[in-house]
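Hi,

Here is the structure I promised to pass on. Have a look at it first, and then read my notes below.

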Amino acid sequence: MVLVTLGHLIQLFGHIKKNSMKLIRKISIGQDYKNEAMHYSVGQEVYGGHKICDILEENGNYKIYIQKDGAQLPWKHFNANMAISIEYNLDY
């Protein structure tokens with residue numbers, strides 16, 4: 001029997017998708033959605049060839065993860081005190 005801990009999985013894969021049924025597709029940060037907000041979508045190319053692979057809500061905070069060549073890295077973190085708009089993935 002093999003025992004795998006959450007810490008071991010995080011060490012191997014960088015992060016774990018919690019609650020994949022509520023996967024966030026797009027997050028917008030800023031009060032003026034159309035003119036001044038920053039928009040981040042899963043699949044969007046950012047930061048020198050990286051792509052956004054996940055947007056996760058954890059304890060009232062939002063985290064954006066990027067991926068390149070199979071490596072996943074945390075990229076941005078926003079707290080709930082900011083003006084945030086969320087679009088959820090409707091493919092379930």
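Asn 89 sits in the segment that follows strand 7 (84-88); helices (H or I, at least four residues) and strands (E, at least two) are DSSP runs, numbered from the N terminus. This is a predicted model, where local features need pLDDT of at least 70, side-chain atom pairs count only at pLDDT 80 or more, and totals for chains, interfaces and linings use all residues. Residues are numbered from 1 along each chain as its sequence is written, and side-chain values use heavy atoms, with hydrogens and water left out.

Back to Asn 89: its relative accessible area is 26%, so it counts as partly exposed (buried is under 20%, exposed over 50%, partly exposed in between, with a 1.4 Å probe and protein chains only). Leaving aside neighbours within four places in sequence, Asn 89 is in contact (heavy atoms within 4.5 Å) with Leu 23 and Arg 25. Arg 25 is 64 residues away along the chain, yet the two C-alpha atoms are 4.9 Å apart.

Now for strand 1 (residues 24-29): five of its six residues are buried, so the rest of the structure largely encloses it. Strand 1 pairs antiparallel with strand 7 over five bridges (pairing takes at least two DSSP bridges between two strands). Four bridges also join strand 1 to strand 2 (residues 38-41), again antiparallel. Ile 29 has Ile 84 as its bridge partner in strand 7 and Met 38 in strand 2.

There's also an open antiparallel sheet of four strands, in the order 3-4-5-6. Strand 3 (45-46) and strand 6 (71-78) are at its edges with a single partner strand each, so one side of each has no neighbour in the sheet.

Cheers
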